[in-house]
Amino acid sequence: MPATSSSNPPPSATTYPQSRLSQVSRHISPMAPTSFTADVVPQAPEDPLFGLMTAFRKDESANKVDLGIGAYRDDNAKPWILPVVQKADDLIRKDPNLNHEYLPITGLAEFREASQKLVLGGDSPAVKEKRAHTLQAVSGTGALHLGALFLAKFYKPNTKRTVYLSDPTWPNHFQIFNNVGLPYKSYPYFSKKTKALDFDGYIDTLQNADEGSIVVLHACAHNPTGVDPTQGQWKKIADVIRAKKHFPFFDTAYQGFASGDLTRDAWAIRYFVEQGFELCIAQSYAKNFGLYGERAGCFHFVAAPSSDAESTATRVASQLAILQRSEISNPPAYGARIASLILNTPELFAQWEEDLRTMSGRIIEMRKALRRKLEELGTPGTWNHITDQIGMFSFTGLTEQQVLKLREDSHIYMTKNGRISMAGLNTKNVGYVAKAFDKAVRDTQ
């Protein structure tokens with residue numbers, strides 16, 4: 001009979017060989033736990049705006065007010081689906097020919113054509129002379145990225161190719177251009193002293209920038225300040241850009257939403273085109289159609305007038321299509337279908353214009369109400385800039401200390417630079433907000 005020992009049982013057939021094999025394997029080919037250590041991939045900071053949204057949602061106060069999010073809200077602080085968008089949505093869903101096939105690489109043709117006419121004007125010389133080409137993009141962000149990528153690859157007027165962004169600007173501008181390897185600088189824009197445009201600093205910087213620099217311009221309702229140049233100032237800006245041979249890149253996200261007038265809000269872009277500039281335009285339909293999550297937008301390239309302008313635009317479009325193919329292959333369809341139906345149907349277009357007046361009109365009224373209540377309270381400082389500014393955002397002039405105090409004491413949320421979304425105000429909370437502003441200003445004097 002074979003001998004056995006209760007104190008030294010035989011190794012398990014299931015555990016011992018596996019553990020031993022594991023040890024041998026590690027000895028033969030030791031593996032680092034990760035290729036992406038903290039010194040290679042550091043923890044990125046949380047996006048400030050989305051962090052603000054998270055903090056607001058967690059706040060359990062019944063009095064909390066969200067003045068941070070850049071999305072339209074109605075007088076009940078609720079998201080507003082434009083009535084014309086509801087109509088178009090119903091019509092599209094009832095269409096027996098609706099499918100979910102891929103769009104072409106350049107997007108929905110009727111949407112692109114209508115978008116081009118909307119931003120440039122139906123009688124634009126660029127449209128008539130076929131020197132404008134349009135690709136559907138993933139809203140304004142995608143359009144900016146496509147344009148930045150194209151410029152990084154093909155625009156080579158000098159060795160530096162610096163991008164000039166307004167100070168301040170939409171923070172995503174920095175990351176978009178940085179990601180494609182284009183260096184950027186800032187040009188003065190907002191004067192903290194006057195709470196208005198620093199026009200002299202703006203012009204002086206562009207005059208001293210390297211010839212051929214790329215200048216990013218907000219077509220209307222400047223984000224985040226709400227301060228726009230006058231038409232006379234736009235003309236002087238155009239003169240400097242022409243003299244220095246800079247390249248204009250317009251970002252337009254608020255056409256019709258800013259003033260309620262589609263033509264007025266496109267004036268700067270159309271003026272530059274009429275003056276013969278070669279330029280790019282990133283166009284978003286998030287705000288003016290309320291299609292935030294549908295990501296509908298377009299990228300436009302306009303060639304300068306010349307005998308071969310049409311050929312230039314065609315060649316550029318061919319390269320843009322290659323870039324688009326490698327980036328997203330095909331743009332999303334549904335939001336473009338909604339916008340296209342509205343843009344191409346006269347009665348729906350007319351209703352859209354009315355919806356735009358509803359949104360812009362409510363924001364204008366909130367500007368008036370906030371200013372009036374602050375002045376009635378005798379809040380230290382001047383508050384005329386609130387009604388002088390335009391569009392969704394206002395640079396209030398509040399300091400970071402005051403902003404943090406408003407969050408702590410009154411549960412009012414806004415970005416640290418004092419920018420507020422006017423759409424977050426309504427007839428039910430504007431009085432509360434004004435009193436909180438007044439207290440924060442007085443307590444920090």
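The following legends describe close-up views of a predicted model.

**View 1. The largest nonpolar core of the predicted model.** This core holds 61 residues, and W352, L370 and F437 touch the most other members. Two or more residues each come from α3 (83-93), α4 (109-120), β10 (296-302), α14 (334-343), α15 (346-377), α17 (400-410) and α18 (430-443). The greatest contribution is that of α15, which gives 9 residues. Because domain 1 (48-80 + 360-443) and domain 2 (102-344) both supply residues, the core lies between these domains.

**View 2. The surroundings of W352.** Leaving aside residues up to four places away in sequence, W352 touches L82, V84, L118, L262, N288, F289, I342 and L343.

**View 3. The packing of α14 against α15.** The axes of the two helices are 6 Å apart and meet at an angle of about 100°. The angle falls within the range of 65 to 115 degrees, so α14 is roughly perpendicular to α15. At the contact, L341, I342 and L343 of α14 meet L348, F349 and W352 of α15.

**View 4. Helix α6 and its buried residues.** Helix α6 spans residues 139-154, 16 residues in total. From its first C-alpha to its last, α6 reaches 23 Å, close to the 22 Å expected at 1.5 Å a residue. The buried residues of α6 are S139, G140, A143, L144, L146, G147, A148, L149, F150, L151 and A152.

Conventions:
Residues are numbered from 1 along each chain as its sequence is written. This is a predicted model: local features need pLDDT of at least 70, side-chain atom pairs count only at pLDDT 80 or more; totals for chains, interfaces and linings use all residues. Side-chain values use heavy atoms; hydrogens and water are left out. A nonpolar core is a set of buried Ala, Val, Leu, Ile, Met, Phe, Trp, Tyr and Cys residues joined through side-chain atoms within 4.5 Å. Buried means under 20% relative accessible area, exposed over 50%, partly exposed in between (1.4 Å probe, protein chains only). Helices (H or I, at least four residues) and strands (E, at least two) are DSSP runs, numbered from the N terminus. Domain bounds come from an automatic or database domain assignment. Contact means heavy atoms within 4.5 Å. The expected span of a helix is 1.5 Å times one less than its number of residues. Axes are lines fitted to C-alpha atoms, for helices over the stretch in contact, and angles run from 0 to 180 degrees between N-to-C directions. Angles under 35 degrees count as roughly parallel, over 145 as roughly antiparallel, 65 to 115 as roughly perpendicular and the rest as oblique.
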